[in-house]
Every structure is written in C-alpha cells, then in structure tokens.
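User: Hi! Could you give me a close look at a single side chain here, and then walk me from there through the other local features worth checking on screen?

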Amino acid sequence: MACFGCETLLWIVAIVIVLAAAFYFYITWTHRVFKNAGIPGPEPGLLGLVSEYRKRSMGDIDIELHKKYGKILGYYNASLPVLSVADPDTIKDICIKNFSHFVNRPNILPLDKYEKGILTLTRGAKWKSTRSILTPTFSSGKLREMMPLMHTCTENLLKHLEQHAHSGKSVDVATFIKGYSLDVVCSVAFGIDVDSQNEPDHPVIKACIKAMNLEMASPYIVLCATFPFLIGIFESLGIGFMTSDCKSIFTKLIDDVVKERKENPSKRKDFLQLLINANEETKDKEDGLAFTYYDIWSGAVVFLLAGYDTSSIALTFALYNLATHPEVQERVVEEINTNFGKDEVADHDNVGKLTYLQMVVDETLRMYPPLVRTSRLVNEEMELNGYKLTKEMEIFLPIYAIHRDPDYWENPDRFDPERFSPEQKSSRHPYCYLPFGVGPRNCIGNRLALMEIKTVLVSILRKYRVICSPETERPTIELTPGDFMCRAKNGVFVKLEKRDS
Ligand code: HEM
C-alpha cells in the first residue's frame, strides 16, 4: 500500500503531466493558422518568436524573416498569429483602400477604464470620435502657441549640455535628450514645469520612466499572448497594463491641475488645457461623443506613451548621424546660418525654410524609425490579395525592415540624406517609407514631432559641433533586443565642441 506522501506526489506528477499535455495541444492548435492558409513563415516552436526577442532587436529579426520568407509571412507571438506585411502595395490596401476592415490595432495587454481612451489603443467609433476631437489640438496654430513652453525645455537642455561640453569628455546624448523630452511631456501634457536632469527623483518623472518600460518579452505580455482570454478576465477585474502606482501619480497630478484650472482659468497654452477645453465643449453631447474626464487623462498619457520616446529616439539618432557624417553636419549649419539671423530663435515658422535639415531628419527616421513595427487588426474574415485573413488576426507592418529593404533602398545601411531630394522622393514607392505610419490611423503627432526635432537640432548645432569620440559605436549602433522602439542598447556617445559664435 502506497504511503500518503507518495500518493500526493503521484497526484501532483499526474496533474503536471495533464496540464503540460493540455498546454502542448492548446499551443499546437493555435499554431495551425498559417499552415492551413498556406502562408510561409518560420516553424513556431513552443512560443513562436518570444525566445528570439530576448536575443536580437526586433528590426533585425524582421529583416531576416522577410529575406527568408518573402514580403508577406506569418509568425507567432506565443499563441498569437501575426501576419507580417512588408509589401508596399498590400500596405496601401490595408491602411488606405480597405481601411474600414482594419480600423483597429490589436491590444496585447488588458486596458482599464482610463487606458481604454488612449488614442493609440481605442477602437471603432470611440477611436473615430477621439481622433476627430484631438486632431485640431495638433493644428499649426496650436503648435505655434505651445512653442514657448518647448523653448524653455530646450534652454534647460542647452544648460545641461554646456556643463558637460566644458569637460571635453564624451557624453551619452541619449540621456540628455530623454531628459529634455520628459520635460516637454510634463510641461505640455501634464501642465507642470520640471527639470528632469536636476530632479530625477521627482515622482512624476519616475512614474513616466516606469510607465514606458514595456518589452515584447516581458512576462506580462508573454502571459497575455499565450492565453489571450486572460486579457478579458483582467479587464473585468479592472486591471490594466500600467502599474497602479504610476496610474495614481498621473491621476492625482491631472486631477489637481484640472481642478485648479477650472477654479482659476489659466493662460498657459499647453496640450492639457486643450483637453480640458474639449471636455468643456463636448459635455452636453450624448454618451460616447462627449470628451470625458477619463479622456483628458488618456489624452495627457498618450502624449507620454506615444510622444516621449519616439521624439527623443529620432533626435538622438539625428545627432549620431551628424557626428558620424561631419560634412553633412557642416552643410546643415551653413543652411541655418544662411536662413537665420544671428539671434533668431528657431520656431514653428522659420524651421520650415531648412530643407536640407528636413532631408537629414527624414533619412534618420528611415534608418532608425523610432517605432520598429506598427499594427492593425482584421475586423472580419476576408480575402486580401489571395490570402485568407481570419477575424481578429493581427497584422504587423515591419517599418524598420521595410526601411532597410534593398529592393527599395540602394545600400540601405548607408546614411544618405540625398534619398530625400524631391527627385529621388518622387521616383520611389510612397509606401516604403512609413516612420509615422500610413492612412487615417497614422501618427497624429507627426508635425509636432518634426517641429520639435528640427528646432532642437538648430539650437544645438548653432552652439556645438557634434563629433565622434572613441566611445562612439561605429559603423552602426547596437539596438536593444526585443524592444518595440528602436533604442540604442549602450547609449549614444559623442563629444560636443563649442562653435565660434
Ligand atoms: C519622431 C516622432 C514620432 C514617430 C516616429 C511616431 C511614429 C508613430 C507611428 C509609426 C504610429 C503608428 C501609425 C500607424 O499605425 O499607421 C504613431 C501613432 C501615434 N502617434 Fe506618433 N510618432 C512620433 C511622435 C508622436 C508625438 C510627439 C505624439 C504626440 C502626442 C504622437 C502621438 C501618436 C498617437 C496618438 C498615435 C496613434 C494615432 C491613432 O491611433 O489614431 N506621436 N506614431
């Protein structure tokens, strides 16, 4: 007769075996989609590409997959099938021609009542109404009004760079630029003035940094991608993707500012005020069309989630490209000197004159698109170019891989701003360049981002020559593995040399 302890152990072993077998059958059942549809792609293994995300950058993974399997392929993120589309004509079909079938993006994580209003994640009618309310807040007039706030952040950045330039040592510009971008988010979206370089322990700064720390291979994402039904369960329990401490810091901050401004109307022309105005103006509209208090929260937070890292990555890589290509840098400086008066401040209106600088920024966004992939969700079963798409299938557009595809870009790893001369631009397929995405669901902040990047570059380049140091990674920069964003793994080190004024 078996002892009690042995019997328990046998039960545990049996349960583990049954669970492991159930998991195996479940996962192989979910991995049947592309084989059934005849769509090429890598063997899924147990968790699809998840183990790859720990080793290599997402951009490099996409390049390799598309080289091997063609412009349209299927892979799995844990149990979730993803159709990766790197063909510009099909991208046009998805994002423009058949947009109504692909309005939404997949949610890879649960969303609570605050997060559901975040524009990048909203769906259907809610997306349409939020997008149309937010679009005017990014108009030229509104951007012009926000410039003075951004200018104050640039002044802070220059102050910090000055201290380090003096030392003659190599500096990680990524850190400085991130600090600057955080100051912009706090000022423009949260209505507070913070100098994050001097106040790294400020609770809002810490919350912003924590809220941005999501990687594709994080346990939370892998769990939800393996068992997607958990997303619904978490949502019904009121659990979202942001940690509760970050959420309560943002909520308290926004509550306080909204309350204060409703009692004492403010003259400050920031994005948060535009959100408060939208809330006032739509409060009598029927349910679903009004811009609610939660939408103010989501509007401010989307600025952080979508606008902070993206702009700082673009700025950082622009400085890297200028340091590694001094002849391009001197041409930009010459253009600035020709078009700007001695003490003229770069602003919304005058940066438009700098056409060569625009080409440099465009080429930087090609080589290092801040968002490595963007996505769409199939909203009903359909056929597209001979492929059978199932309802809820995720479609990813591998921006980084398309930008490095030699079929569209000669010598794709070479930095060459001339690719964006009017002649070269007009001779290229328009959908093989997608740093800001494409179609009605493209980046709402693209003009703001470009204005910000160009004005900051002008301010830095008029003061400093950005040069390589022994620490500058060359010929290319290693990117962080498994990151949605195109982030430099080891920072971006350069030296700053003061220019003669
Ligand atoms: C260089 C900087 C930036 C880059 C490269 C960038 C890139 C992108 C990309 C690729 C998308 C997805 C588009 C698509 O799926 O077609 C996107 C969406 C979005 N971006 Fe940006 N972005 C930048 C800056 C900003 C800024 C400053 C904001 C300001 C708030 C912003 C707000 C958004 C929002 C709200 C969406 C979602 C739009 C929607 O779903 O309707 N972005 N961005």
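**A threonine and its contact**

The side chain of Thr251 comes within 2.6 Å of the backbone oxygen of Lys247. Please keep in mind that this is a predicted model. You will find Thr251 in helix H12, which spans residues 244-263. Is Thr251 buried or exposed? Its relative accessibility is 12%, and Thr251 is counted as buried because the limit for that class is under 20%.

From there, let us go on to the ligand. Its iron atom has Cys443 as its only protein donor, through SG at 2.3 Å. Cys443 itself sits in a loop, with helix H18 (422-426) on one side and helix H19 (446-463) on the other. Around the ligand there are 29 residues, and those that come nearest are Arg131, Thr374, Arg376, Arg441 and Cys443. In Thr374, an N or O atom of the side chain is 2.6 Å from an oxygen atom of the ligand. For Arg376, a polar side-chain atom is 2.7 Å from a ligand oxygen. Val438 takes part with its backbone instead: a polar backbone atom of this residue is 3.0 Å from an oxygen atom of the ligand. Which elements give two or more residues to the shell? They are H6, helix H14 (293-324), strand S4 (374-377) and H19. Of these, H14 makes the largest contribution, with seven residues. Sorted by class, the shell holds 17 nonpolar residues, eight polar ones and four charged ones.

Now to the aromatic rings. Searching the whole structure gives 18 aromatic pairs. One of them joins Tyr26 and Phe227: the ring centres are 5.7 Å apart and the planes meet at 20°, so this pair counts as stacked, the class for planes under 30 degrees apart. Tyr26 belongs to helix H1 (residues 4-30), while Phe227 is in the loop between helix H10 (219-226) and helix H11 (229-236), so the pair ties together parts 201 residues apart in sequence. Both rings can be looked at for accessibility too. Tyr26 has a relative accessible area of 22% and is partly exposed; Phe227, at 25%, is partly exposed as well.

Another pair is formed by Phe138 and Phe271, whose ring centres are 5.3 Å apart; their planes are at 50°, so the pair is tilted. Phe138 is in the loop between helix H6 (124-134) and helix H7 (140-167), and Phe271 is in helix H13 (residues 271-281), so this pair links parts that are 133 residues apart in sequence.

Together with Phe23 and Phe229, Tyr26 and Phe227 make up one aromatic cluster.

Two arginines can be viewed against rings as well. Arg32 lies over the face of Trp29, 4.3 Å from the ring centre. In the other case, the charged end of Arg428 is placed over the ring of Phe420, at 5.0 Å from its centre.

Last, a few spots where the backbone deserves a look. Between Arg474 and Pro475 the peptide bond is cis, with omega near 0°. Pro475 is in the loop that connects strand S8 (464-467) and strand S9 (493-498). Where does Asn385 lie? Asn385 is in the loop between strand S5 (382-384) and strand S6 (387-389). Its phi is near 45°, a positive value in a residue that is not glycine. With a relative accessible area of 46%, Asn385 is partly exposed. Glu392 also has a positive phi without being a glycine, at about 75°. Its place is the loop between S6 and strand S7 (394-397). At 47% relative accessibility, Glu392 is partly exposed, because values between 20% and 50% fall in that class.

Key
Residues are numbered from 1 along each chain as its sequence is written. This is a predicted model: local features need pLDDT of at least 70, side-chain atom pairs count only at pLDDT 80 or more; totals for chains, interfaces and linings use all residues. Side-chain values use heavy atoms; hydrogens and water are left out. Donors are N, O and S atoms within 2.8 Å of the metal (3.2 Å for Na, K and Ca); water is not among the atoms, so sites may look incomplete. Helices (H or I, at least four residues) and strands (E, at least two) are DSSP runs, numbered from the N terminus. Rings of Phe, Tyr and Trp (its six-membered ring) pair if their centres lie within 6.5 Å; planes under 30 degrees apart count as stacked, over 60 as edge-to-face and the rest as tilted. Buried means under 20% relative accessible area, exposed over 50%, partly exposed in between (1.4 Å probe, protein chains only). A charge sits over a ring if NZ of Lys or CZ of Arg is within 6 Å of the ring centre and within 35 degrees of the ring normal. A residue is near a molecule or strand if one of its heavy atoms lies within 4 Å of it. A polar contact is a pair of N or O atoms within 3.5 Å; within protein, one must be able to donate a hydrogen and the other to accept it, and residues adjacent in sequence count only if both atoms are side-chain atoms. Ala, Val, Leu, Ile, Met, Phe, Trp, Tyr, Cys and Pro count as nonpolar, Asp, Glu, Lys and Arg as charged, and the others, Gly among them, as polar.
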